[in-house]
Amino acid sequence: MAPMSSLLTQLERRAPALGDRVARANWRLRNRARAYDGAEVPAQLQPLVEQLRRDGVLITDAGTVFGERALFDAAAARADSLYRAPRDKADAEAGAKRTFLPKLATGSYDFDDPFVQLALHPSALAIANGYLRLRSHLRALDVWLTKPTEGPAIQTQLWHRDADDVMNVKMFVYFTDVTPAAGPLRYAPQTHPLGSKRQMPDRDDQARSNDEQMAEVVLERDWILCQGRPGTVVFADTCGYHKQQKPETDERVLLVAHYVSGTPFVPSALELRNVDESSLSGDQYVAVFDRNRR
């Protein structure tokens, strides 16, 4: 008898919608102890969650998600300090991702770091959990610097979808003016696991697709360009098709928080130091420790 993974792969190729439903049902069964009722989402955030579940992507702002600006301003100041600090300018291997997307911060943070506090903000978690319908784990937290490079689009600058989990959420918080020339996220709506356009475009041996191939699934006029001023916040299920538009002239600095289920396909990439457990809500406890509070 063929293993379940093989059966799911065959389903994805022959009947993607059915394959998605089977995969999600199995995934929800494994995560049933962390189920999250959509009614738990605060009323003012409900329309945002509904849009994210419909399209797979949502563009909003720091005021809507985090309320007063003090926390965002603290994070922006820290990001600016990291950007201005001396960095290793050694050339990466030609074509490597870090030539155009180096990380200014990653991996390990103090709990009171403003980046951590943004990622664990109750409203950010409510949007992620409301979309996933489960209490999520904060798997990774990075500050990215996008740099313009010469040559054609490569790697994540081509259309692809992530395979980190059956469904996931990434929150992008902009600290700079993300113009089209700075390489914003571009998303093909409704190609996420809950969407109606789950067809797989033609792709290369790295599972990347060009614009012409992607347009066969979602018309170019419907692609969503996630540009915005500092303070823009984007939520996206990157299991849907997306790419980073190739930056031409401008740089981009942003925070990326990655929320997954309790059974992702990739390990955690985040260490939080000096966590005050007594200060955590139930949702924050799961996000930090990847388990329910006893």
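Predicted model: local features only at pLDDT ≥ 70, side-chain atom pairs only at ≥ 80, totals over all residues.

Me: Let's begin with charges. How many salt bridges are there?

Reply: The general idea is that side chains of opposite charge can pair when their charged atoms come close. In this model the count comes to 13 salt bridges. Take Arg34 and Asp290, whose closest N and O atoms are 2.8 Å apart.

Me: Where in the chain do Arg34 and Asp290 sit?

Reply: Arg34 is in the loop between helix 2 (16-30) and helix 3 (46-55), while Asp290 is in the segment after helix 9 (282-289).

Me: Which residues are linked in a network of salt bridges?

Reply: Glu40, Arg135 and Asp283 are. Start with Glu40 and Arg135, whose side chains meet in a salt bridge of 2.6 Å, N to O. Here again distant parts are linked: Glu40 is in the loop between helix 2 and helix 3, and Arg135 is in the loop between helix 7 (122-132) and strand 4 (137-146), 95 residues apart. Glu40 is partly exposed, with a relative accessible area of 39%, whereas Arg135 is buried at 17%.

Me: Why does Asp283 count as buried?

Reply: Asp283 has 19% relative accessibility, and buried means under 20%, so Asp283 counts as buried. Leaving aside neighbours within four places in sequence, Asp283 is in contact with Tyr36, Leu125, Asn129 and Arg135.

Me: Now the strands. How should I read the two sides of strand 10?

Reply: In a regular strand the side chains alternate between the two faces of the sheet. For strand 10 (residues 252-260), nine of its nine residues are buried. One side carries Arg252, Leu254, Val256, His258 and Val260, the other Val253, Leu255, Ala257 and Tyr259, and both faces are covered.

Me: Which strands pair with strand 10, and in what sense?

Reply: Strand 4 pairs with strand 10 in the antiparallel sense over nine bridges. To find one on your screen, look at Ala140, whose bridge partner in strand 10 is His258. Strand 5 (residues 169-174) also runs antiparallel to strand 10, joined by six bridges. There, Met171 has Ala257 as its bridge partner.

Me: Last topic: which residues touch the most other members of the largest nonpolar core?

Reply: Phe115, Phe175 and Tyr259 do, in a core of 56 residues. Helix 7 gives the most to this core, with seven residues. Tyr259 belongs to strand 10 as well. Beyond its neighbours within four places in sequence, Tyr259 has contacts that include Ala119, Ala124, Leu125, Ala128, Leu132, Val169 and Met171.

Me: What does the second, separate core include?

Reply: This core of twelve residues includes Phe172, Val178, Cys226 and Ala236.

Terms used
Residues numbered from 1 in each chain as written. Heavy atoms only, no water. Salt bridge = Lys/Arg side-chain N within 4 Å of Asp/Glu carboxyl O. Helix = DSSP H or I, 4+ residues; strand = E, 2+ residues; numbered from the N terminus. Buried < 20%, exposed > 50% of the residue type's maximum accessible area, 1.4 Å probe, protein only. Pairing = 2+ DSSP bridges. Contact = heavy atoms within 4.5 Å. Core = buried A, V, L, I, M, F, W, Y, C linked by side-chain atoms within 4.5 Å.
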